[in-house]
Amino acid sequence: MSGPRLTDLPGGVRLVTEHIPTVESATLGAWFGAGSRNETADINGVAHMLEHMAFKGTASRSAFDIAEQIEAVGGRLDAYTTHEQTAYYARVLKDDATLAVDVIGDILCNSTFSEEELARERSVILQEIGEASDTPDDVVFELLAGTALPDQPLGRPILGLPEIVRSMPRETITGFLDAHYGADRLVFAAAGNIDHDRLEDEVATAFDGLSGRDNRPVEPARYAGGDARSDRDLQQVHLMLGFEAVPVRDPTLPAQQVFSRLLGGSMSSRLFQEIRERRGLAYSIHSFAIAWRDTGLFGIHAATAPDLVGDLVPAVCDELVKLAGESPDDALQTEVGRARSQIRAGVLMSRESTSSRCEALAGNLHAFERVIGVDEIIERFEQVDGDAVQDICRRLLSSTPTLAAVGPVGTLEPWDRLCARLA
């Protein structure tokens with residue numbers, strides 16, 4: 001098994017691969033360094049709509065052909081949009097990698113964006129938005145993001161607003177593609193039983209029509225924080241408590257990931273043990289951390305009965321304040337070691353998946369401009385100790401908190417009292 005290989009193709013596309021000879025499959029695809037963060041407010045949702053429309057027909061393939069040709073060989077074609085990336089990828093058997101490259105290149109360079117397909121897909125996306133608006137977990141996250149990062153792309157929903165999606169013209173979609181799907185933004189990644197040299201020619205041919213395009217800078221992030229509550233007739237109150245976190249290249253990012261795992265990332269974490277196991281204040285509670293180019297968002301998510309909110313929120317605040325201020329004793333070091341082991345296991349287990357390896361290759365290049373080896377990743381986590389975890393906790397608490405709540409929120413304590421608990 002050889003390490004990753006990277007080639008800068010003549011047109012500007014970067015090809016990165018990892019050969020795994022012991023498997024019979026491969027995951028490969030195109031990762032563009034553009035997403036909803038590249039949108040202006042009046043076209044919110046266009047990146048996600050473009051992701052959908054790419055599968056709706058090219059000059060030589062119908063929408064059915066695109067799906068059928070990959071599925072006829074037992075493969076799977078998929079895509080997703082984030083704030084800073086959009087991915088189009090396939091998992092196929094090793095002998096069908098050439099077909100996958102051709103199909104992905106075709107949908108990204110030769111899509112027709114017919115008005116008939118666009119009208120149909122608008123309806124599909126509006127239903128997707130409707131489904132999200134009926135899901136309290138999705139609603140409370142969008143409320144958190146919009147309050148933490150107001151009036152900017154990072155705070156807007158990736159799916160877009162219904163009123164914008166409903167009237168978005170074809171020209172807006174093609175204009176976004178022309179502006180942001182340039183060769184210089186594209187990483188083509190592959191992991192599995194593949195031949196790098198052969199892929200060089202195939203990817204170069206498939207994306208020959210892709211040129212370097214407008215690389216307008218994204219709007220800088222501005223974290224604000226604040227309080228947002230949506231009173232809904234639900235059985236539970238869905239809560240998220242957020243803080244400004246570190247960006248993706250910050251050297252303390254591994255410490256933040258260990259902190260998140262220790263605080264609320266597993267059944268043995270502090271929040272799960274205190275909030276659910278000892279006090280029965282919530283069925284589920286967890287923490288998460290998102291790292292973007294120039295900022296991040298750390299959050300704690302829980303849902304509980306309205307009559308328990310008065311106990312839940314103070315208990316969560318107490319755990320944060322306690323962790324920030326306690327002496328870094330052997331017990332804390334044991335917790336840190338357990339969190340590091342969980343992360344290490346996750347990293348190594350992900351190596352058993354061609355999809356995870358492929359996504360990591362593309363993500364590394366977009367975020368760090370290089371592929372970071374697994375040994376280096378693990379070593380970064382192994383250097384995290386109790387002091388580093390507490391430093392992250394104090395850094396988070398120094399930012400203005402963000403509270404988002406959906407449900408019967410009348411029993412939730414005032415914003416100023418929450419802030420006082422965290423001071």
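Is Tyr80 buried, partly exposed or exposed? Tyr80 is partly exposed, with a relative accessible area of 21%. Buried means under 20% relative accessible area, exposed means over 50%, and partly exposed lies in between (1.4 Å probe, protein chains only).

The model is predicted: local features need pLDDT of at least 70, side-chain atom pairs count only at pLDDT 80 or more, and totals for chains, interfaces and linings use all residues. Residues are numbered from 1 along each chain as its sequence is written, and side-chain values use heavy atoms, with hydrogens and water left out.

**View 1. An open sheet of six strands.** The strand order is E1-E2-E6-E3-E5-E4, and the pairing is mixed. Strands (E, at least two residues) and helices (H or I, at least four) are DSSP runs, numbered from the N terminus. Two strands pair if DSSP finds at least two bridges between them. Strand E1 (5–8) and strand E4 (76–81) stand at the edges, each with a single partner strand, so one side of each has no neighbour in the sheet. From one strand to the next, the twist averages 15°. Axes are lines fitted to C-alpha atoms, for helices over the stretch in contact, and angles run from 0 to 180 degrees between N-to-C directions.

**View 2. Strand E2 and its two partners.** E1 and E2 pair in the antiparallel sense over four bridges. Arg5 has Thr17 in E2 as its bridge partner. The two strands, E1 and E2, form a hairpin with five residues between them. Gly12, in the turn, has a positive phi of about 115°. On to E6: strand E2 (residues 14–19) and strand E6 (residues 186–192) run parallel and are joined by six bridges. Val16 stands opposite Ala189 in E6. His19 has Gly192 in E6 as its bridge partner. Five of the six residues of E2 are buried, so E2 is largely enclosed by the rest of the structure.

**View 3. Helices on the sheet.** Helix H1 (residues 46–53) lies across E4 and strand E5 (86–93). H1 runs at about 170° to E4. Helix H13 (residues 354–368) also packs on the sheet. H13 touches E1, E2, strand E3 (25–32), E4, E5 and E6. Contact means heavy atoms within 4.5 Å. The direction of H13 makes about 150° with that of E6.

**View 4. Helix H11.** Helix H11 (residues 309–325) has 17 residues. From its first C-alpha to its last, H11 reaches 24 Å, close to the 24 Å expected at 1.5 Å a residue. The expected span is 1.5 Å times one less than the number of residues. The buried residues of H11 include Val309, Leu312, Pro314, Cys317, Glu319 and Leu323.

**View 5. Aromatic pairs.** The structure holds eight aromatic pairs. Rings of Phe, Tyr and Trp (its six-membered ring) pair if their centres lie within 6.5 Å; planes under 30 degrees apart count as stacked, over 60 as edge-to-face and the rest as tilted. The rings of Tyr80 and Tyr89 have centres 6.1 Å apart and planes at 65°, so this pair is edge-to-face. Tyr89 is buried, at a relative accessible area of 16%. The rings of Tyr88 and Tyr181 have centres 6.2 Å apart and planes at 75°, so this pair is edge-to-face. Tyr88 lies in strand E5 and Tyr181 in the loop between helix H7 (170–180) and E6, so the pair ties together parts 93 residues apart in sequence. Tyr88 and Tyr181 are buried. Phe32, Phe55, Tyr88 and Tyr181 form one aromatic cluster.

**View 6. Salt bridges.** A search of the whole structure finds 27 salt bridges. A salt bridge is a side-chain nitrogen of Lys or Arg within 4 Å of a carboxyl oxygen of Asp or Glu. Glu202 forms one with Arg198, and their closest N and O atoms are 3.0 Å apart. Both lie in helix H8 (residues 196–206), four residues apart, about one turn of the helix. Glu202 counts as buried, at 17% relative accessibility, whereas Arg198 is exposed, at 52%. Arg380 and Glu376 meet in a salt bridge at 2.9 Å, N to O. These two residues are four apart in helix H14 (residues 374–382). Arg37, Glu84, Arg293 and Asp294 are linked in a network of salt bridges.
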